[in-house]
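Please have the viewer open as you go through it.

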Amino acid sequence: MCRIYGYFNTTASPHELRTAQALQRHGGPDGAGLARGPGYALGSTRLAIMDPGAGRQPYVSPDGTVKVVFNGEIYNHDALREDLRGRGFTFPDHCDGSILPALYRVYGDAFAERLDGMYAIAVLDLRGAPRLVLATDDAGMKPLYYRWDPAGRTLRFSSEIPSLLAFEGVSTAAWEPGLDAYLATKTPFGEQTMFADIRVFPPGVTAICDGTAGLRLRTRERAAATRPETGPADLAVVGAELRESLRREVDRLLTADVPVATITSGGLDSSLVTAFAARRPGTLHTFNIAYRGRWPADERHYARQVAERAGAHYHQVEIDPATFPDMLADVVWHLGQPNADPITLSTYALFGAVRDAGFKVALSGDAADEVFGGYERMRAAAAAAEAGAPWRRAYLDSLGVLPADRRAGLYTRDYAALLREGPPAVPAEATELLDRGGTVLRRITEFELRHRLPAYHLRRVDHMSMARSVEVRLPYCQRGVVELGRALPDGLRIGGGQVKRALYAAARGLLPESVTNRAKQPFTLPVTAMLAPGWPLWEYARDMLADDRLRPAGRLDPAAVRDLFTRQATRPDDTTALTIWALLVYEVWLDQFRLGTRRPVEETEMAA
């Protein structure tokens, strides 16, 4: 696991390269490497997981013509290495990334189609005219940000936004429609980030850059999800199949040359991962996050019951809400752009405790809801469609901080006018998935897997864990599990008022009944209770969202923001609290990157 960065068809000073490396050293404290030549540079920092004493990057072919930097884990590297050895290739170590130059030499631009894992990869091919090939994994577990200048045909890239901003050719200018896009989906969907100059490669793409044709992105074909049609009577059969698939993936993801732990929130998804992981010989360590004091939706007792049932060593991480204002600036800086989920704060603290306890790798339960139909918004949309009622607007509104009509009430007149001329808050390439054929639940699942999961969940997990030098592995994002879930008939995911039916069937007998029988609740910070007069978070939010801070940017109406605080102080509710939290995160982001004053927006920028 590493962080990577570099450029192609341009140049940068040694200072820029040192800064880009230093700004993501937290994600790779165990080593660093750099290859630099005319018009290119490939750099990395390493978090040593496999073959810790080896794995020096960039990986280079014996003749020096293919150079590779790589962030992630290749789970099928043993099988690929064996095949490549049969073709005459030799390898200096057993590190998973060392196979990549040979794999590219054999398969060319199609090399990523052979990979099973999580990754962001950059391959420099110096045979003939130089070209750069970049690839991201199918789920989007490992983000890769970039700045492409079509006029100069130059490309700069990095695993993290602050590192990319180290290059002088990357502007810190804000993407003006970004505030509305952020409030509509809690973080921007699609390729555009909150910075006007910075984009992020989508999941499952191979990008090719050269000096003549420029930058071209190709989405790799995914195999269609197929399985024999099954009905409600076959739930036990499907549960058994899913149980075996998850057991196999968890067992595979426990393979590492360093200690591995699990995260247990107390809910079904992470508890099931912990139950399977605990079957391995030796003592499993599992971690749960909670907050000092008495707060609603505390799940620590469920997590402890899971650990006791599995025979795992339980670590209770408890953080003090008084520390949140100081922590938030670090969280937002590591994210690089706003994410309105309050759990970002808890995640950052949790992975700090995981690393302090001596663990470099942790398995988590993220992505089960997207794959197996775990959200109430999915159930509500499917039920509305079945009844012949409208569902699309309510579903999209459920993704955001607050609905479109209420968002408009927060903006100044000038910013509202700017938005009317700009792109939709949710990109058209995302919403068109909701209008394709198939059932409503199937359309929503594709939308969530391709757009919401990578943008909202996976980037948060990646950045918060790697900020603490911890690699997170995600069993529910593995290809076999995802394709099994995508192929299930609707009734085996949601039915009879229950969500994740197949997953509950898989968990039967493995977890305490207190976990499998309780109502689902989100794993999040109790921000409604914490945003109250007299608490540190309240005072911090009031200071950051004061009138004199909001006016220079010209986006938010100070009077409308004051009304939010009045409402929360007198009649607190979840939507108002989340809105204050989201605006606080946005203002902290502006402050971290010095983006407070709005600049004129060019017509071409609005169309980007």
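**A threonine and its surroundings**

The side chain of Thr185 reaches the backbone oxygen of Thr187 at 2.7 Å, a polar contact (a pair of N or O atoms within 3.5 Å; within protein, one must be able to donate a hydrogen and the other to accept it, and residues adjacent in sequence count only if both atoms are side-chain atoms). This is a predicted model, in which local features need pLDDT of at least 70 and side-chain atom pairs count only at pLDDT 80 or more, while totals for chains, interfaces and linings use all residues. Residues are numbered from 1 along each chain as its sequence is written, and side-chain values use heavy atoms, with hydrogens and water left out.

**More on Thr185**
- The Thr185 side chain also reaches the backbone oxygen of Ala181, at 3.0 Å.
- Thr185 lies in helix H5, residues 178-185 (helices, H or I with at least four residues, and strands, E with at least two, are DSSP runs numbered from the N terminus).
- With a relative accessible area of 1%, Thr185 is buried (under 20% relative accessible area; exposed is over 50%, partly exposed in between, with a 1.4 Å probe and protein chains only).
- Not counting residues up to four places away in sequence, Thr185 touches Leu399, Gly400, Val426 and Tyr456 (contact means heavy atoms within 4.5 Å).

**Nonpolar cores**
- A nonpolar core is a set of buried Ala, Val, Leu, Ile, Met, Phe, Trp, Tyr and Cys residues joined through side-chain atoms within 4.5 Å.
- Of the 144 residues in the largest such core, Tyr476, Trp581, Leu584 and Trp589 touch the most other members.
- Helix H25 (residues 574-592) gives the most to this core, with 12 residues.
- Apart from it lies another core of 23 residues, including Tyr59 and Val123.
- Leaving aside neighbours within four places in sequence, the contacts of Trp589 include Phe195, Pro338 and Leu595.

**Helix packing**
- Helices H9 (residues 324-335) and H22 (residues 536-544) pack at an angle of about 55°, their axes 9 Å apart.
- The contact is made by Phe324, Pro325 and Leu328 of H9 with Pro536, Leu537 and Tyr540 of H22.

**Confidence**
- The protein chain averages a pLDDT of 92, and 94% of the residues score at least 70 (pLDDT is the predictor's confidence in each residue, from 0 to 100).
- Over residues 598-608 the pLDDT is below 50, and this stretch has 25 contacts in the model beyond near neighbours in sequence.

Methods
Axes are lines fitted to C-alpha atoms, for helices over the stretch in contact, and angles run from 0 to 180 degrees between N-to-C directions.
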